[in-house]
Amino acid sequence: MQLSRRGLLRAGLAGTAATALGGLASGCAVPTGSTGREMVLWYWSGGLSDTVVKNAKARFDSSVDLRAIQIGGQYRSKLITTITGQAHIPDIAGLKGEDMAAYLPNADQFIDLRTLGADKYKSQYLPWKWDQGIADDGTMVGFPIDCGPVAHFYQYDVFRKAGLPYEPDDVSKQLSTWEAFFDAGEQLKKRLPGTQLLTDVNSVFENVVQQGAKRYVDKDRHFIGDQEHVRRAWALAVEAKQRKIVSDLVNGTPDQLSAVQDGKLPSQLGASWATFDLKNGVPKTKGRWRIADMPVRPANNGGSFLSITKACREPEQAFRIITWILDAANQAQGYVDAGLFPSTPASYELKQLREADPFFGGQVTTDVFGPAAQKIVVAYNSPYDIALGTPIKDEIKNVGVLGKDPKKAWSDAMSKCRRIAKHLGVSY
């Protein structure tokens, strides 16, 4: 089940993600960032720890007036507009992880963080996360904030009543393959009628794709969404539907949340930040949940970056602020405050991340998310992935929610992808 707080951005028009920054100015205009002591930081609600931001203001107050502004609404669009207009550009800008593929081809709008000494920090961060902030030409655009390792959330007592493994280590070991996971779903609905393993087929499809090293478009600008890695994810999602282990409820609706609270949807595949969504969305389920490894290997969903724009008058100072905000101690605080799972492995042994969580029956959730974060497979993220992945995701949703014929849905998805690829200049 995917929860709404960090749901992947879905492009409304094919090609939006691929062309979002295509019209940016080349940098010939006079920068219009901070002047004097003022330095402006843009981020979104929940994008950084408010405690850490407040502490950063105090820490650097002797040399700079740090103005941290939470931008509401369409964050990416607003940032693009300011850069395009060359006016009121922030010195430091947050970049959402799902948008990085759109920013990287326009790396010339940002300062290469390597020129400020970023390489000396590299060993402190997850290698795959570090690489996600680097453009094809080697320019480092983004400095890692958080990541979103995916795990298996389940309700302990429901699994026990269904005769399934219910201790986290046992669930991890015995449901370590998709086949075993699906078998558990069938046993669950048989032993506890009206109970289903997952909300929808998309959670299977998207997580299987995210487990691998390929997405929808490769470095050579060739569409690969019709290849085995996507076909297998599609087939598994269809199997989940055919075996009737997924519901026909729409994620995030009152009916779906009610089913979760009543134990009728006692299981989900969610990223680390979903811990906070569960606490906020179904608080009455406190103590019922546990977390185990997801089948096969972990996926990643979410995670963002901080960048320094070319408009920044004092990039060295901005870089000092960024590296302090995103060090291991402050990333641990970010997890406590906002559910931002650290991209700094050193954080995983700090006190804040070793606390037993009563919502999860006293489990130390870092014991699952920490190792998972270090096993994520590095994948190339193309600026065309959103545009060419969306039709496939939409059609598998039609299979799951509307009962559309899987063969027809696949055929329709590929037809849409062919048209979009041609429009974007992606070879098919």
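User: Taking buried as under 20% relative accessible area, exposed as over 50% and partly exposed as in between (1.4 Å probe, protein chains only), does Gln86 count as buried or exposed?
Analyst: This is a predicted model, in which local features need pLDDT of at least 70. Residues are numbered from 1 along each chain. Gln86 sits in the loop that runs between α3 (75–85) and β3 (92–95), helices (H or I, at least four residues) and strands (E, at least two) being DSSP runs numbered from the N terminus. Because its relative accessibility is 13%, Gln86 counts as buried.

User: What is the phi of Gln86, which is not a glycine?
Analyst: The residue belongs to the loop between α3 and β3. Although Gln86 is not a glycine, its phi is positive, at about 55°.

User: Where does Val296, with its positive phi of about 70°, lie?
Analyst: Val296 is not a glycine, yet its phi is positive, at about 70°. As for its place in the chain, Val296 belongs to the loop between β8 (289–292) and β9 (305–308).

User: Why does Val250 count as partly exposed?
Analyst: Val250 is found in the loop that joins α10 (228–242) and α11 (254–261). Val250 counts as partly exposed because its relative accessibility is 43%.

User: Which elements are included in what covers the buried residues of α12?
Analyst: Helix α12 spans residues 274–281, and its residues Ala274, Thr275, Phe276, Asp277 and Leu278 are buried. Their cover, judged by contact (heavy atoms within 4.5 Å), includes both strands and helices, namely β6 (150–155), β7 (267–271), β8, α14 (328–338) and α15 (366–373).

Conventions. Predicted model: local features only at pLDDT ≥ 70, side-chain atom pairs only at ≥ 80, totals over all residues. Heavy atoms only, no water.
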